[in-house]
Structure formats: structure tokens, C-alpha cells
Amino acid sequence: KNKKKIKLIHISTDEVYGNIKIGKRSDEKHPYDPSSPYSASKASGDHLIRSFIKTYNLPGIISNCCNNYGPNQFPEKLIPKLIYNIINNKNLPIYGKGLNSREWIHVDDHCEALIKIFERGKIGNFYNIGSNLNVNNLKISKLLIKVAKAKFNIGKNVKIKFVKDRPGHDMRYALNSTKLIKKLRWKPKINILNGLIKTFDWYLKNPGY
């Protein structure tokens with residue numbers, strides 16, 4: 001009785017594709033190759049949703065997005081962690097040599113993509129959501145230090161400190177988002193530097209977070 005029409009958008013990650021070689025970008029047909037138990041659990045979630053779509057006609061769509069950043073992000077994540085440490089005059093811990101490359105997208109751009117997928121996406125389809133901009137962790141750290149220096153005199157302890165890499169840590173994720181851009185007419189709008197400035201400002205204004 002009174003069943004409402006629903007559409008399930010399963011939000012996944014670029015990690016399911018595994019390590020991507022320089023010069024390559026993974027599209028929606030790229031084979032899954034997760035490296036860690038964490039990314040394997042994400043991949044299994046995608047497969048589970050896909051099986052329900054095929055078996056029970058679940059009205060579902062799967063999106064795979066790159067690294068997000070922006071306000072309200074949990075402080076254990078790279079960018080808010082670095083911002084917190086800069087504000088509080090602490091070392092900036094970076095895995096390995098900081099060369100792990102990630103594709104970064106502002107959360108607002110991601111949300112706009114999800115709305116497009118909800119409104120116009122086809123049931124049973126996969127959509128990659130990316131900015132097409134890869135930046136390694138070392139450069140992200142240096143960009144945030146630059147942003148901070150324009151706002152206040154940073155402390156002496158604000159220095160990059162390389163720490164032991166975590167197991168199963170892929171060197172590079174990179175998405176091909178052509179399908180989303182062409183089929184659903186979406187594109188990211190927020191420049192990485194402007195996005196980082198706005199994000200830094202949010203954490204400065206919300207120290208209690």
C-alpha cells in the first residue's frame with residue numbers, strides 16, 4: 001500500500017579501482033582491484049548493491065568519487081588534520097615521502113554531482129565523480145602552509161614530518177569522469193586553492209569543532 005517510488009544512490013569511492021598508473025585514469029569499466037581490507041569492503045558494498053539491482057530490480061545507481069574536502073569534515077582526514085595542526089602549532093604528519101597522489105574535489109561539487117545523478121542518472125549505472133586534478137600529499141601540505149601564512153604568523157613547530165606509510169596504501173587514484181560530464185552535463189566549479197582557503201577559514205571560525 002502507498003508504495004513511493006524510490007531511487008537509491010550508493011556513494012562509493014575511487015579506492016575500489018586500486019592503484020592507477022601515471023598517465024591513466026579509471027573509467028566505470030575499469031576492473032576492481034582494491035589493495036586494502038578497507039577498500040575491499042567498499043568494493044564488496046558496490047557488488048552487493050549491483051546484485052540487488054540485477055536480482056530484485058532495486059532502483060539503484062552507484063557513484064564512485066575521489067577524495068573530498070571542505071567544512072565539517074572529520075578531523076582525522078588529511079586536510080582538516082593538517083589545518084588543525086597548523087592552527088595549533090604542531091608538526092604535519094605525512095605518510096611515506098608524501099608522494100601519494102589523490103584526486104581532490106570540494107564537497108559542494110560532489111553534492112551537485114549527486115543531485116544530477118539522482119535527477120537524471122540511469123538505474124543500474126555507475127558514475128565516476130572527479131575533478132580531474134591530482135595533487136600529492138606533500139603539495140597539499142605546502143598549499144595549506146601557504147594559505148595559513150597569508151592569514152597569521154605560523155608557529156615554529158609547523159613543519160612537515162614524514163611518518164611510516166600505512167599498509168596497503170596505494171600511490172595513485174585517478175578517475176575518468178567523462179561519462180558524468182557528458183551524459184549528465186556536470187562539471188566541478190571550485191578551484192583547489194580557493195576551496196582550501198574557504199575550508200581553512202571555516203576551521204578558523206569554528207575552533208570548537
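Trainee: What does the lining of the largest pocket look like by class?
Mentor: It has 18 nonpolar, 11 polar and eight charged residues. Nonpolar here means Ala, Val, Leu, Ile, Met, Phe, Trp, Tyr, Cys or Pro, charged means Asp, Glu, Lys or Arg, and the others, Gly among them, are polar. Keep in mind that this is a predicted model, where local features need pLDDT of at least 70, side-chain atom pairs count only at pLDDT 80 or more, and totals for chains, interfaces and linings use all residues. Residues are numbered from 1 along each chain as its sequence is written, and side-chain values use heavy atoms, with hydrogens and water left out.

Trainee: What makes it a pocket and not a cavity?
Mentor: On a 1 Å grid over the protein atoms alone, a cavity is a set of points where a 1.4 Å probe fits but cannot get out, while a pocket is an open set with protein on both sides within 12 Å along at least five of seven lines. The largest pocket has a volume of about 1,100 Å³, volume being the space filled by probe spheres set on the points, which are joined across faces, edges and corners.

Trainee: Which residues lie nearest the centre of the largest pocket?
Mentor: E15, N67, Q73, K77 and L78, out of 37 lining residues; a lining residue has an atom within 4 Å of a point. Two or more residues each come from β1 (8-13), α1 (37-56), β3 (67-69), α2 (78-87), β4 (92-95), β5 (101-106) and α3 (107-120). The largest share, four residues, is from α2. Helices (H or I, at least four residues) and strands (E, at least two) are DSSP runs, numbered from the N terminus.

Trainee: Which residues line the second largest pocket?
Mentor: P75, P80, I83, Y84, I87, N88, Y203, L204, N206, P207 and Y209. The space there is about 200 Å³. By class, that lining has nine nonpolar, two polar and no charged residues.

Trainee: Why are α2 and α4 called oblique?
Mentor: Their angle is about 40°, with the axes 10 Å apart. Axes are lines fitted to C-alpha atoms, for helices over the stretch in contact, and angles run from 0 to 180 degrees between N-to-C directions. Under 35 degrees is roughly parallel, over 145 roughly antiparallel, 65 to 115 roughly perpendicular, and the rest oblique. So α2 and α4 count as oblique. The crossing of α2 and α4 is right-handed, the term for a near helix turned clockwise from the far one by less than a right angle.

Trainee: How do you know which residues of α2 and α4 meet?
Mentor: Contact means heavy atoms within 4.5 Å. L78, I79, L82, I83 and I86 in α2 meet N137, I140, S141, L144, I145 and A148 in α4. That contact has nine nonpolar, two polar and no charged residues.

Trainee: What makes α2 and α6 oblique or parallel?
Mentor: The angle between α2 and α6 is about 55°, with axes 10 Å apart, so this pair is oblique too. α2 passes α6 in a right-handed crossing. Here I79, P80, I83, I86 and I87 of α2 meet L196, T199, F200, Y203 and L204 of α6.

Trainee: At what angle do the axes of α4 and α6 cross?
Mentor: Roughly 60°, and the axes come within 10 Å. That makes α4 oblique to α6. L143, L144, V147 and A148 of α4 make the contact with L193, L196, I197 and F200 of α6. By class, this contact has eight nonpolar, no polar and no charged residues.
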